[in-house]
Amino acid sequence: MKLISVHDVSYFQSDTKYTRIVAAGRDWLIRRTIKELAGELDPSMFLQMHRATIVNLGAVESVGHDLKGHLVLRIKNRSEMLPVSQPYTHLFRSM
């Protein structure tokens with residue numbers, strides 16, 4: 001068992017029957033759904049950006065667009081860029 005502070009979490013992402021926690025350069029799996037987590041996380045600190053992904057706003061390095069013009073988030077200390085789903089774009093346009 002590993003205790004992970006929510007302040008260290010970059011994002012949560014659905015992974016089949018589990019949720020992947022991406023934090024501090026490592027990934028962990030938990031048996032909680034994104035829907036369950038969304039109801040328990042502080043909305044001033046975490047926002048849903050896709051039906052399968054919740055991001056820590058403090059971990060967002062920048063907001064940009066991919067080659068097709070879709071909104072994407074660059075996460076601090078991570079190489080991947082996360083796509084923002086259309087229903088959630090309004091939450092990130094002002095960042």
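How many bridges join strand 7 to strand 8, and in which sense do the two strands run? Three bridges join strand 7 to strand 8, residues 81-83, and the two run antiparallel. Before I go on, please note that this is a predicted model.

Let me stay with that part of the chain. Strand 7 and strand 8 form a hairpin with five residues between the strands, and Asn 77 there takes a positive phi near 60°. In the pairing itself, Arg 74 stands opposite Met 81 in strand 8.

Strand 7 also has a partner in strand 6, residues 60-65. Those two pair in the antiparallel sense over five bridges. Ser 62 stands opposite Arg 74, and His 65 stands opposite Leu 71.

Is Asp 66 buried or partly exposed? Its relative accessibility is 31%, so Asp 66 counts as partly exposed, since buried would need a value under 20%. For a distance reference, Asp 66 and Leu 91 are 25 residues apart along the chain, and their C-alpha atoms are separated by 17 Å.

Four of its five residues are buried, so strand 7 is largely enclosed by the rest of the structure. In soluble globular proteins, nonpolar side chains tend to be buried together. The largest nonpolar core in this model has 13 residues. Those that touch the most other members are Tyr 11, Met 49, Val 55, Leu 73, Ile 75, Val 84 and Phe 92. Strand 4 and strand 7, residues 71-75, each supply at least two residues of this core. Strand 7 gives the most, with three residues.

Strand 4 takes us to the other sheet. Five strands form an open sheet in the order 3-2-1-5-4, again with antiparallel pairing. Its edge strands are strand 3 and strand 4, residues 46-50, and each pairs on one side only. The twist averages 25° from one strand to the next. Within this sheet, six bridges join strand 1 to strand 2, residues 18-23, and the two run antiparallel. Asp 15 stands opposite Tyr 18 in strand 2.

Last item, the largest pocket. It holds about 240 Å³ of space. Thirteen residues line the pocket, and Lys 2, Ile 4, Phe 12, Ile 21 and Ile 30 lie nearest its centre. The elements giving two or more residues to the lining are strand 1 (9-15), strand 3 (26-30) and helix 1 (34-40). The largest share comes from strand 3, with three residues.

Key. Residues are numbered from 1 along each chain as its sequence is written. This is a predicted model: local features need pLDDT of at least 70, side-chain atom pairs count only at pLDDT 80 or more; totals for chains, interfaces and linings use all residues. Side-chain values use heavy atoms; hydrogens and water are left out. On a 1 Å grid over the protein atoms alone, a cavity is a set of points where a 1.4 Å probe fits but cannot get out, and a pocket is an open set with protein on both sides within 12 Å along at least five of seven lines; lining residues have an atom within 4 Å of a point. Grid points are joined across faces, edges and corners, and a volume is the space filled by probe spheres set on the points. Two strands pair if DSSP finds at least two bridges between them. Axes are lines fitted to C-alpha atoms, for helices over the stretch in contact, and angles run from 0 to 180 degrees between N-to-C directions. A nonpolar core is a set of buried Ala, Val, Leu, Ile, Met, Phe, Trp, Tyr and Cys residues joined through side-chain atoms within 4.5 Å. Buried means under 20% relative accessible area, exposed over 50%, partly exposed in between (1.4 Å probe, protein chains only).
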